[in-house]
Amino acid sequence: MTTPAGAGAVPDLASTSPSFGQSRVARFVRKLARDKPLGAAGGAVFLFFLLCGVFADVLAPYGVNETSLEHRLEPPSLEFPFGTDHIGRDVLSRVLKGGQLSMVVSFCAAGLATLVSLVIGVLSGYFGGRLDMVLQRFVDAWMTFPDLVLLIVVVSVVGPGMVQIIVIVGLLYGIAGSRIVRGAVISVREQTFAHAAQSIGAQPPHILWRHIVPNVMPVLIVLFTTRVGAVILVEAGLSFLGLGVPPPAPTWGGMLSGTGRTYMYLGPWLALAPGLCLTIVVYAINVFGDALRDLLDPRMRGSR
Amino acid sequence: MSDTLLRVEDLCVDFPTESRRGRRRSVRVLDHVSLEIERGETLALVGESGSGKSMTALSILQLIPEPGRATAGEVLLEGRDLLALRESEIRAVRGNRVAMIFQEPMSSLNPVLTIGRQVAEPIRLHRKASKAEARERAAELLEAVSIPDAARRLDDYPHQFSGGMRQRVMIAMALACEPDLIIADEPTTALDVTVQAQILALLKDLTSRLQSALLLITHDLGVVARYADRVSVMYAGRIVESASAGKLYGNPSHPYTRGLLQSVPRLDDSAQTRLVPIDGQPPDLANLPTGCAFSPRCPQVHDKCRLERPELDSVVAATDDGPHTRACWGPEQP
């Protein structure tokens, strides 16, 4: 807190900018750009990929599974900016479409994970006692399973597909992440305003929703962004192993393991295009997430 | 005189501790505490840290932290036992008929909600008011606690307020539903001395305007002298002396009260007067002496004190400004 000590009865009008309600988001973005240029750049790059994913169908110059016998394994050119694969499909179109799929999977899975973390973390952290005990031993047990092995087992039982991946990865990361939310909730719960809310006669759901959850929001935002990057990687890993979204739907992991690996020497662009996209987007979201973490740290609160 | 608002009778609060070899043990943090507050009156509860002042306040609203339990006694608000109320019933009392002001103004406001919404919260919870009505009332309340430019500051966040201003906001929140009783738990401890006086004067002024009673918890005897009508002194979970403020200062009867008063500088003391501290440390509640809890530190201790615990009902003098009671075996005058 940098509230000037001894300000006393004098209202600190200086810090009351008249345009306060204007836009906290806009002020935050400006601060991000000024203090964390790398993070801001990461955010911008990620936003670019996100938009590419959203508008993939419009942006893709060719059909995803449109083959052409004349243009097989063509290197990048004006006609095919990222080249073509062994059956003449346009790599740019496939990378765009694969990016779309990565974005959908990662946002849904990270969203689900954050929601699961929030529910478990808040219940466990706020109510404590026996409920906390039971939930946390469950989380302990869950975390003893190795992620990848669990994924492979479940996918091989229920079969590969986008929904399965979203649900499994969402649960997997959600349950593990609940620890972080729980810790944050406990520290908020012990602050006086949480007790004060009780003392004015508020019910637990109201206290949770109005007082606890808004105060763990920074943690959730950071959790979400880091999970997005992790899910993209996991999805690519599963596709690479052949357990992801099944072909012919293009995925980055699938492109790497299929045509990318087989034709690496004949057409390096086949591996480079999805591989670079994957690397760049995960790097971008990670630096962005780190920057958010630094800026949203509760200890920095009020000092702005 | 007879217009009793709140009566705490023989309240005991226990905290279970580690059970050793199957034997459940517990620490008694409040031991037969009795209080009475009349409508419009200010009662000060004085004592060292850990003497049970805050615990008494929390017990009134069933807010005793886990795993503590009120194991005996009653808390009667206009004859209704608050300890016997179900969770939903006590919620209707909290913030509505009895409001609380906490010690730390810096952390007792939610940093992510605007001041307006927080002040409006009790009204929204208890009065079923619409958003617009509650907002309007919040503006009035901020006006009442002398926050300049109140209407415009409704949309500000707590970090834009200084400590004193935040405590004003807390007072506004406490007054929102015009409660019968306001409990202020060391409301000025975290504030500058100059601000302390303002806040207490404001609190006193507003409670008397609303005809609310005030339970003022403090360890500052100067505060007590100026603002309290009656005083109860607590030591090791018990009330050891209870009297009108004038009587307590003019004629302190319990050796602990005398010790407290002697350890505080007074304006009318000459520069040569030395402050006399009370010897020793407050006792461990888990391991209280058999007799009077104050006996190991008491300058006038005698044999009976070490064996038998004195009760509060030994009336020193029934005066026209209420009874003067104390729990001590010693002589009334030193």
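## A look inside a predicted model

The largest nonpolar core of this predicted model has 164 residues, and those with the most contacts inside it are V119(B), A172(B) and L215(B). Helix α4(A) gives the most to this core, with 15 residues. Leaving aside neighbours within four places in sequence, which residues is A172(B) in contact with? They are V119(B), L141(B), L142(B), A144(B) and V145(B).

Two packed helices are described by the angle between their axes and the distance between the axes.

| Item | Value |
|---|---|
| Helix α2 of chain A | residues 37–54 |
| Helix α11 of chain A | residues 269–296 |
| Angle between the two | about 135° |
| Distance between the axes | 7 Å |

On the α2(A) side, the residues making the contact include L38(A), V45(A), F46(A) and F49(A), while α11(A) brings I280(A), V281(A), F288(A) and D290(A), among others. Sorted by class, this contact has 12 nonpolar, three polar and one charged residues.

Is helix α10(A), residues 252–262, mostly covered or mostly uncovered? It is mostly covered, with eight of its 11 residues buried. Among the buried ones are W252(A), M255(A), L256(A) and T259(A). What covers the buried residues of α10(A) includes α4, α9 and α11 of chain A.

Terms used:
Residues are numbered from 1 along each chain as its sequence is written. Chains are lettered from A and ligands numbered from 1 in the order in which they are written. This is a predicted model: local features need pLDDT of at least 70, side-chain atom pairs count only at pLDDT 80 or more; totals for chains, interfaces and linings use all residues. Axes are lines fitted to C-alpha atoms, for helices over the stretch in contact, and angles run from 0 to 180 degrees between N-to-C directions. Helices (H or I, at least four residues) and strands (E, at least two) are DSSP runs, numbered from the N terminus. Two residues are in contact if their C-beta atoms, placed from the backbone, lie within 7 Å. Ala, Val, Leu, Ile, Met, Phe, Trp, Tyr, Cys and Pro count as nonpolar, Asp, Glu, Lys and Arg as charged, and the others, Gly among them, as polar. A residue is buried if 20 or more other C-beta atoms lie within 10 Å of its own, exposed if 12 or fewer, and partly exposed in between; C-beta atoms are placed from the backbone. A nonpolar core is a set of buried Ala, Val, Leu, Ile, Met, Phe, Trp, Tyr and Cys residues joined through C-beta atoms within 7 Å.
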